[in-house]
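This briefing is meant to be read with the structure open beside it. Please look at the model first, and then follow the topics below in order.

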Amino acid sequence: MRWQVHSEEPLYTDRWLDVRVADVELPDGRHLDHRLIRTAPGAGAVVTDDQNRVLLIWRHRFITDTWGWEIPIGKIDEGEEPIAAAAREVEEETGWRPGPLRPLLYTQPTNGISDSEHYIFRADSAQHIGPPTEAWEAERIQWVPLTDIRRLIDKRDIVSGTSMNALLYVLTEV
């Protein structure tokens with residue numbers, strides 16, 4: 001059942017993504033042109049506190065024209081370790097410095113169209129260091145009770161796949 005890739009050709013490339021078309025042979029011998037997106041990996045963190053709350057950002061996503069709660073996450077810079085990128089993203093997007101980070105999960109959120117991969121870490125504490133340096137990332141930054149996560153998912157206030165995966169994973173630990 002493995003698909004064979006005979007070639008890939010770029011359709012559009014910039015510093016954020018690489019859109020390609022691949023000549024793919026299916027197991028039955030048929031060929032098809034399959035679009036795909038290649039991207040840099042991302043890293044983020046689920047940061048909780050001693051009151052069983054999680055640090056989330058409320059943001060607008062223009063592509064879907066929706067608002068939702070998300071964990072802090074962003075691109076891993078070239079040469080940067082995923083754990084360092086996760087800590088940096090939390091600080092930049094929230095103004096909170098996470099406590100010691102440990103691996104939580106790895107996910108490929110859109111593997112039918114993209115090679116995107118996300119490294120998600122977990123911290124049990126954070127220290128407020130000031131306002132976020134990337135204030136344009138979120139309208140609100142809030143500590144949300146973990147007990148509210150299921151309700152927020154049901155209300156579609158959490159729809160980001162990676163955020164949802166990570167938060168549901170944390171709920172299995174509680």
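Asn52 counts as partly exposed, because its relative accessibility is 37%, and partly exposed is the class between the cut-offs of 20% for buried and 50% for exposed. This residue belongs to a predicted model, and its place is in the loop between β4 (42-47) and β5. The phi angle of Asn52 is near 65°, which is a positive value in a residue other than glycine.

**The hairpin and its turn**

- Strands β5 and β6 form a hairpin, with four residues between them, and Asp65 in the turn has a positive phi of about 50°.
- Asp65 is, like the residue described above, something other than glycine with a positive phi, and its place is in the loop between β5 and β6.
- Asp65 counts as exposed because its relative accessibility is 57%, a value that can be set against the cut-off of over 50% for that class.
- Strand β5, which covers residues 53-61, is joined to β6 by five bridges, and these two strands run antiparallel.

**The three-stranded sheet**

- Strands of a sheet pair through backbone hydrogen bonds, and the pairing can be either parallel or antiparallel.
- In this model there is an open sheet of three strands in the order β6-β5-β12, and the pairing is antiparallel.
- The edge strands of this sheet are β6 (66-70) and β12 (140-145), each of which pairs on one side only.
- From one strand to the next, the twist of the sheet averages 30°.
- Helix α1, made up of residues 82-94, lies across β5 and β12, and it runs at about 65° to β5.

**Aromatic rings**

- A pair of aromatic rings is described by two things, namely the distance of the centres and the angle of the planes.
- Four aromatic pairs are found when the whole structure is searched.
- Among them is the stacked pair of Trp58 and Trp67, whose rings are 6.2 Å apart from centre to centre, with 15° between the planes.
- Trp58 counts as buried because its relative accessibility is 12%, whereas Trp67 is partly exposed, with a relative accessible area of 37%.
- Another of the pairs is edge-to-face and is formed by Trp96 and Trp143, with 5.2 Å from centre to centre and 85° between the planes.
- Trp96 lies in strand β8 (residues 96-98) and Trp143 lies in strand β12, so this pair ties together parts that are 47 residues apart in sequence.
- Trp96 counts as partly exposed because its relative accessibility is 21%, whereas Trp143 is buried, with a relative accessible area of 14%.
- Ring pairs also link Trp58, Trp67 and Trp69 into a cluster.
- A charged side chain meets a ring elsewhere in the model, where Lys75 lies over the face of Trp16 at 5.5 Å from the ring centre.

- The chain is divided into domain 1, which spans 4-38, and domain 2, which spans 42-173.
- The C-alpha centres of domain 1 and domain 2 lie 30 Å apart, and six residues of domain 1 are in contact with five residues of domain 2.
- Asp33 lies in strand β3, which covers residues 31-39, and this residue is exposed, with a relative accessible area of 55%.
- When its neighbours within four places in sequence are left aside, Asp33 is in contact with Val21, Ala22 and Asp23.
- Asp33 and Asn111 are 78 residues apart in sequence, and the distance between them in space is 16 Å, taken from C-alpha to C-alpha.

Note on methods. Residues numbered from 1 in each chain as written. Predicted model: local features only at pLDDT ≥ 70, side-chain atom pairs only at ≥ 80, totals over all residues. Heavy atoms only, no water. Pairing = 2+ DSSP bridges. Axes fitted to C-alpha atoms, helices over the stretch in contact; angles between N-to-C directions. Contact = heavy atoms within 4.5 Å. Buried < 20%, exposed > 50% of the residue type's maximum accessible area, 1.4 Å probe, protein only. Phe/Tyr/Trp six-rings, centres within 6.5 Å; stacked < 30°, edge-to-face > 60°. Lys NZ or Arg CZ within 6 Å of the ring centre and 35° of its normal. Domains from an automatic or database assignment.
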